[in-house]
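Here is my note for your first look at this structure. Keep the picture open while you read, and take the points in order.

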Amino acid sequence: MHDSLRSLLRHRKAAVGGGLLLFFLLLSLVGPWFVMDPKDLVGRPHQPPSAAHWFGTTGQGQDVLAQTVVGARETLAVGFAVGALVTLVGALVGVTAGYLGRRVDDVLSLTTNVFLVIPGMPLAIVLGAYLPSGPFRMVAVLTVAGWAWNARVFRAESLALRGRDFVSAAVVTGESHARIVSRELLPNMASLLGSSFIGNTLYAVGAQVGLEFLGLGDVSAVTWGTNLYWAGNDAALLTRSWWIFVPTGLCIALVGFALTLVSSAIDELTNPALRVHKPAPLPKGTTLPVHVDRPAPGVLLSVQDLCIDYATEKGASRVVDTVSFDLAPGEVFGLAGESGSGKSTIGSALLGLLPTSARVTQGRILFNGMDVTALEGAGLRAFRWRQVSMVFQSAMSALNPVLTLGEQFHDTLAAHGRVSRTTSYARARELLGMVGLSPDLVTAYPHQLSGGMRQRVGIALALALEPRLVIMDEPTTALDVVVQKELLQRMLELKQRLGFAILFITHDLPLLLALSDRVGILQGGKLVEVGTSAGLRAGAQHPYTQLLLSSFPHLVAGDVSVTPHPPAASELSVARPSLRVAAIPGGHR
Ligand SMILES: Nc1ncnc2c1ncn2[C@@H]1O[C@H](COP(=O)(O)OP(=O)(O)OP(=O)(O)O)[C@@H](O)[C@H]1O
């Protein structure tokens, strides 16, 4: 709690937004005691700012400063009350519908949809005409007109959470519905609840001011909306009496700005992934122009003295440290190392996919002689996928769930030149066939495929533009060993046919040794050993490589024995006929 408060105070957006909001809250609470009565006629009409009336007088001779300060009270009170009520009603209805589902969901969703199709403004006007005048009328009108959107958002969120394992675990351990909602669902929606409340308050302030400006509020009350209503009525614009409406307008804009800052701060504080630490700017003169060397013969990719730092709260953290290696055309180069050793960071750097908080601080990545670390914009777009593509680790999240496979192939092909759907679909069919899937799957959606089939689609997509290098970042981690072997075997066959090189990233060193021509071992961001697979298998030099090798038990299909030593190539090789696991006929996994 103490820590959360401290980080809230240290957060710049939270501090500025919160400070502004606090100022307006204090102004609305204590300000009215220090100003004149806003309804008193204290001077001549339309008087500009003066020592007697700092903000001038209105078209009827009232003090504009008093009206601005007093107007804050009801406007903010209604705004926060509506913000809280709309969030509460929306969350209650949405979470109940999403979590309980079935009949309850049908009824609540139907009610929500009915409210959604009724336009908000006419509904507010009609309700306003029947309810007794005053701030409570405004609160009721805006709550009735605004809760339905929130219910939709909360329903969608609870539907997504309901399918998560931790909720299923709570269900099977016998927790009650109320406890699951209050302990499992709502805490996971803290960020949504916070930003919805702030967003709804923003909506309420805007809608309230809008309705009152149109004369649909209580025009005898003093609020920011009625201030603008009377400014319009008293021809403040026509007489160029800007001081009558500018202070109120400025206050509304500042409150809106403050609420937006706080909403964004809540998002960032409750979701650490949104907290982006920007790396320190490079010293002047160190920005590298796109550099093209004559490619070294027999070298497709040359990583030279590469250093990558992440900006963190505690300063720069080096995760890739002076790494150098070369990759020849058609070669399979494996990068191995324990979790966190920097493998994926190197893979991302090759494709210019490093997050904003990361930066290449030293070294070069030469692809066919061209320094890809300096590529940007159109140059980078043209380079990605056409020259170097990637098979991602998570097959499900790498495919767009709402597009058919054919559309996803079309998008990829169309991103690199004009291509008709007929041509894209024909190519998609060909590629699907190449990876051992039925070409008819072009019309299928990702959820209709198994994990192994999705990963084959990932490979087919990676080969769509016939790149010269394919990065495979743990592409088979989530698959069982049989599917894994079939998939890798297919990949190596395609490599033989099409001639692309592979940078294979995994923590599974025995698998790498079986697949790769050469392997590099990463430890804590440093490349501690590079050697041919045969050389490393015969005798690794570095103690860390030896440790990695000795820490892998190996299951051999058939006799299910566990070997404490690195496997022989024949046991793992998926490219050779001596593959020990028989292909399962028929199915695509
Ligand atoms: N956004 C980030 N901010 C700070 N450090 C990060 C960030 N992303 C990754 N790191 C750090 O960079 C290091 C390398 O991460 P990377 O993902 O490249 O490792 P890896 O070897 O691919 O691991 P794994 O096999 O588990 O995917 C890790 O120590 C990680 O904590």
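In S8, which residue is the bridge partner of Leu469? Point 3 gives the answer. Bear in mind throughout that this is a predicted model.

1. **The sheet as a whole.** Start with the open sheet. Six strands form it, and their order is S6-S7-S8-S3-S9-S10. The pairing is mixed. In general, strands of a sheet pair through backbone hydrogen bonds, and they do so either parallel or antiparallel. At the edges you find strand S6 (388–391) and strand S10 (526–532). Each of these two pairs on one side only. On average, neighbouring strands are turned by 20 degrees against each other, direction ignored.

2. **From S6 to S7.** Strand S7 covers residues 469–473. S6 and S7 run parallel, joined by four bridges. Look for Val388: the residue opposite, in S7, is Leu469.

3. **From S7 to S8.** Now step to strand S8, residues 501–505. S7 and S8 also run parallel, and five bridges join them. Here is the answer to the opening question: Leu469 has Ala501 as its bridge partner in S8.

4. **Why S7 counts as enclosed.** Five of the five residues of S7 are buried, so the strand is largely enclosed by the rest of the structure. Check both faces. Leu469, Ile471 and Asp473 point one way from S7. Val470 and Met472 point the other way. All of them are buried.

5. **The ligand.** How many residues surround it? There are 15, and the closest are Tyr310, Val319, Ser339, Ser344 and Thr345. Strand S1 (301–312), strand S2 (315–327) and helix H12 (343–350) each supply at least two residues of this shell. H12 gives the most, with three residues.

6. **The make-up of the shell.** Sort the shell residues around the ligand by type. Three are nonpolar, 11 are polar and one is charged.

Definitions and conventions. Residues numbered from 1 in each chain as written. Predicted model: local features only at pLDDT ≥ 70, side-chain atom pairs only at ≥ 80, totals over all residues. Near = placed C-beta within 6 Å. Nonpolar A, V, L, I, M, F, W, Y, C, P; charged D, E, K, R; others polar. Pairing = 2+ DSSP bridges. Axes fitted to C-alpha atoms, helices over the stretch in contact; angles between N-to-C directions. Buried ≥ 20, exposed ≤ 12 C-beta atoms within 10 Å, placed from the backbone.
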